Structure formats: structure tokens, C-alpha cells
Amino acid sequence: MIGGFTAPPTSADFGERMLNKVVSQSIRHLFTQSESVDVAIRCSPSSKLLQGSIDSFKMSGRRLLIRRDFWVEEMSFETDAVSIDFGSVMTGKIRLRQPTQAIAQVVLTEEGINQAFMAELVKKRLLDIDTPELTALSGGEPVSFSDVNLKLLPNNQIKIFAKTELPNGSVPISLTANLAVERRRRISFQNPQFDETVVPEALRGVSRVLTLAFASILDNMVDLDRFDLDGVTMRINRLETQDDRLVFSGYAQIEHFPGGR
């Protein structure tokens with residue numbers, strides 16, 4: 001009987017379980033939808049938690065939907081030491097005493113990227129483009145790009161297919177480019193090359209102009225500041241294509257948790 005005795009949980013153990021629950025709920029609120037969000041708190045000794053001191057916490061999530069349109073296959077981050085107002089945990093919120101940083105990794109799939117091209121936030125940046133080089137081809141009318149399909153290639157390369165409508169019919173466009181990171185927040189489409197192999201010979205001259213104009217639009221489109229989560233700013237140190245996945249490594253600056261201002 002003595003061997004089966006279990007000591008009652010301490011207030012620190014109770015606090016750790018509560019903190020895990022509140023942090024998990026707060027992080028889930030960052031996303032429109034999530035398949036899984038797991039949080040692990042590290043605090044040794046656990047009694048430090050009662051003073052609001054945490055050694056680190058780690059979050060990992062799968063199939064996360066951001067702003068209703070942008071799928072992230074995997075996201076994880078792990079913080080340095082964190083100081084929180086432990087009293088806020090008791091009210092179901094997390095308040096940081098000071099901002100903290102975390103090592104972060106984000107994985108996108110080729111399928112998820114192509115779904116993002118159908119999002120209104122993205123599509124509106126591809127509609128009614130009225131730059132001189134495009135309107136010269138369309139009789140002065142704005143030009144729109146549609147049916148965008150991206151394929152990930154080795155060595156941080158991509159291939160993109162799309163089409164546009166001109167007064168005399170549809171024109172396919174195709175390009176290859178290198179992905180790179182600029183200023184830790186912008187995805188750059190560098191060294192774009194027109195791929196004529198999928199374009200009918202009679203349309204290649206027009207398609208070349210359309211393709212390079214499209215590449216310029218893409219190069220100014222993907223800025224992480226447009227996709228910041230509530231209280232979390234992401235920055236990228238490097239990216240890498242891995243089969244049908246695009247992997248970003250960097251860090252997250254966490255100013256506050258959702259609802260924890």
C-alpha cells in the first residue's frame with residue numbers, strides 16, 4: 001500500500017499544467033484552423049514558475065490555416081527564457097513582462113503555395129495591371145494574370161506557369177527563377193528566365209514580355225510583414241526547397257500572446 005502512494009501535486013505542478021493549457025489555447029487563436037498544436041514548457045525547478053520565470057517553451061503545429069487562405073504544413077518555435085505575469089495565467093491569459101525571441105521553422109507545401117495564389121489577398125495583386133509594357137500589348141487595357149501554378153525544384157529553384165487574356169486571346173506564360181531572402185522578411189524571385197518550351201511559337205514574343213512583367217510583380221509581392229500573426233513577427237534567415245516542400249528557418253519576435261496585452 002505504501003508503494004502505491006502518490007504524492008499530491010504541488011501548486012507549481014498545477015501551475016505548469018494550467019500554463020500549458022492557456023498557452024496552447026492562445027496559440028490556437030493565431031490560426032483560423034489547425035490540425036494539431038502542441039506546447040512543451042521547460043521550467044527547472046518547477047517552483048520558479050510561481051515567480052513567472054520559464055526556462056523555455058516550445059510550440060509545434062501541423063496543418064495551420066492563417067487568415068483563412070494560407071496553409072502552413074508545419075510550424076515550430078522554441079523560446080529563450082521567458083518572464084510572464086503568472087497572475088494572468090489564472091485568468092486564462094498570458095502576459096509577457098517583456099518581449100521574447102524564438103528560433104522558428106516554417107514548412108510550406110507546393111499544394112499549399114498554389115492554394116495561396118487563389119486567395120483574394122494574392123489575386124487582387126495580379127489583376128488590372130496597367131504598366132506601360134503590358135498596356136502596349138493589350139491596346140491600352142489593364143492586364144490580369146490567372147491560373148498560376150508553381151512547382152518547386154531542387155536548389156531553391158521554382159517553375160511557374162500562368163496565363164493572361166489579351167484582346168486577341170489567351171497567352172500562356174512560363175518562367176523559372178531562384179528563390180532568395182532579402183532583409184530577412186521578403187521572398188525574392190531572382191534571375192527569372194522565360195521558358196519558351198510550353199508556349200506556342202507564334203506567341204513567344206508576346207509571352208516573353210508578359211512573363212518578365214509577371215516575374216517583376218511576384219518579386220514585390222511576398223513580404224512577411226503582410227502576414228504577421230497577432231503579436232508575433234517572423235523573420236527568415238534561410239530557405240530551402242526539399243522535394244515538394246519549402247522550408248524556412250529563422251526566428252520569431254513575440255511581443256505578446258493573443259488576448260494578453
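Student: In β9, which residue is the bridge partner of alanine 162?

Tutor: This is a predicted model, where local features need pLDDT of at least 70, side-chain atom pairs count only at pLDDT 80 or more, and totals for chains, interfaces and linings use all residues. Residues are numbered from 1 along each chain as its sequence is written, and side-chain values use heavy atoms, without hydrogens and water. Strands are DSSP runs of E, at least two residues, and helices are runs of H or I, at least four, both numbered from the N terminus. The partner in β9 is isoleucine 173.

Student: How many bridges join β8 to β9?

Tutor: Two strands pair if DSSP finds at least two bridges between them. Strand β8 covers residues 157-166 and β9 covers 169-182, running antiparallel. The bridges number ten.

Student: Which strands are the edges of the open sheet?

Tutor: The four strands follow the order β7-β8-β9-β10, with antiparallel pairing. An edge strand pairs on one side only. The edges are β7 (145-153) and β10 (186-194).

Student: Is threonine 164 buried or exposed?

Tutor: Threonine 164 is found in strand β8. Buried means under 20% relative accessible area, exposed over 50%, partly exposed in between (1.4 Å probe, protein chains only). Threonine 164 has 1%, so the residue is buried.

Student: Which residue has its backbone oxygen 2.5 Å from a polar atom of the threonine 164 side chain?

Tutor: Contact means heavy atoms within 4.5 Å. Leaving aside neighbours within four places in sequence, threonine 164 is in contact with residues including Val143, Phe145 and Leu210. The backbone oxygen at 2.5 Å belongs to serine 144.

Definitions and conventions
Polar contact = N/O pair within 3.5 Å; in protein donor to acceptor, adjacent residues only side chain to side chain.
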